[in-house]
Amino acid sequence: MKRAKAHNSLRCPCCGEIRGPQEQQVFLKQLEAEVPARTYITLSGVWLGNAYWHDAKKGGVDWACDECMQSLRAVKGQPAKQLFYDFAPHFAYFDKTKTCRDCGLEFTFSKAEQLHWYEQLRFWVQAEKVRCGPCQQLKKQHDQFSQLMAANNFTDHEALQEIIAYYLRNKAYAKAKQFLATGRSRFAEGSVEFSRLDTLLNNVRNIEQQVRD
Ligand SMILES: [Zn+2]
Ligand SMILES: [Zn+2]
């Protein structure tokens, strides 16, 4: 099969430099060795190159030039370990700057984290990190809180403590008081539940007072 000149220069998405085929050796070897034969384009018996290489030409593939690989700016990806179908696998990982969906600040999606996501956790290759660390943490807390609230019946003391702790962490004193007052109104005065909720309500008032003083 005719193979000459199928691959020419590409812009490395890691360093941004234009690199000729001699500087794409790592990537070209990966294409030969690690991706299925069906990704090779053939037309009238002429080898036009690897489909992923053509995607890379359009800028849609994570790969890195030999220099980026050697300098460890990028680390090699192993497609065989990744979950991919419609999207190209990651041939290389390098730090990416992204904008957080929640706070709008920039954060780094590091190469080590990407490797962990796609080759250890085996997330689909098109999965993207959309939140910075602190916002991810907040979302997790919020999700846990929502679950607690959904299961809440005002009788589980541990769950109540956690709900109150969440409100206090977020300095939502009014919400905490409203929540406990609502709960307290469901029980008869003098019952165990009533006194428990009453105690918690007083605790919240005291904490709020201390914060204000
Ligand atoms: Zn490069
Ligand atoms: Zn954020």
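**Entry 1: domains.** I noted first that this is a predicted model. I looked up how the protein chain is divided. I found domain 1 at 10-133 and domain 2 at 152-212. I then checked the spacing of the two. The C-alpha centres of domain 1 and domain 2 lie 51 Å apart.

**Entry 2: helix H4.** I went to H4, residues 111-120. Which residues of H4 are buried? I listed Lys-111, Gln-114, Trp-117, Tyr-118 and Glu-119. I looked down the axis of H4 next. The buried residues fall within an arc of 160°, so they line one face of the helix. I turned to the other side of H4 and found Ala-112 and Gln-120 exposed there.

What covers the buried residues of H4? I found that the cover includes strand S5 (75-76), strand S6 (92-93) and strand S8 (106-109). I also checked what comes after the helix. Arg-122 follows H4, and its phi is positive, near 55°.

**Entry 3: helices H5 and H6.** I took H5 (residues 133-151) and H6 (residues 157-169) together. Two packed helices are described by the angle between their axes and the distance between the axes. I looked up both values. The axes of H5 and H6 come within 10 Å and cross at roughly 140°. That angle makes H5 oblique to H6. I noted the crossing of H5 and H6 as left-handed.

Which residues meet here? From H5 I wrote down Gln-141, Phe-145, Leu-148, Met-149 and Ala-151. They meet Ala-159, Glu-162, Ile-163 and Tyr-166 in H6.

Methods: Residues numbered from 1 in each chain as written. Chains lettered and ligands numbered in written order. Predicted model: local features only at pLDDT ≥ 70, side-chain atom pairs only at ≥ 80, totals over all residues. Buried ≥ 20, exposed ≤ 12 C-beta atoms within 10 Å, placed from the backbone. Helix = DSSP H or I, 4+ residues; strand = E, 2+ residues; numbered from the N terminus. Arc of directions from axis to C-beta. Contact = placed C-beta atoms within 7 Å. Domains from an automatic or database assignment. Axes fitted to C-alpha atoms, helices over the stretch in contact; angles between N-to-C directions. Parallel < 35°, antiparallel > 145°, perpendicular 65-115°, else oblique. Left-handed = near helix turned anticlockwise from the far one by under 90°.
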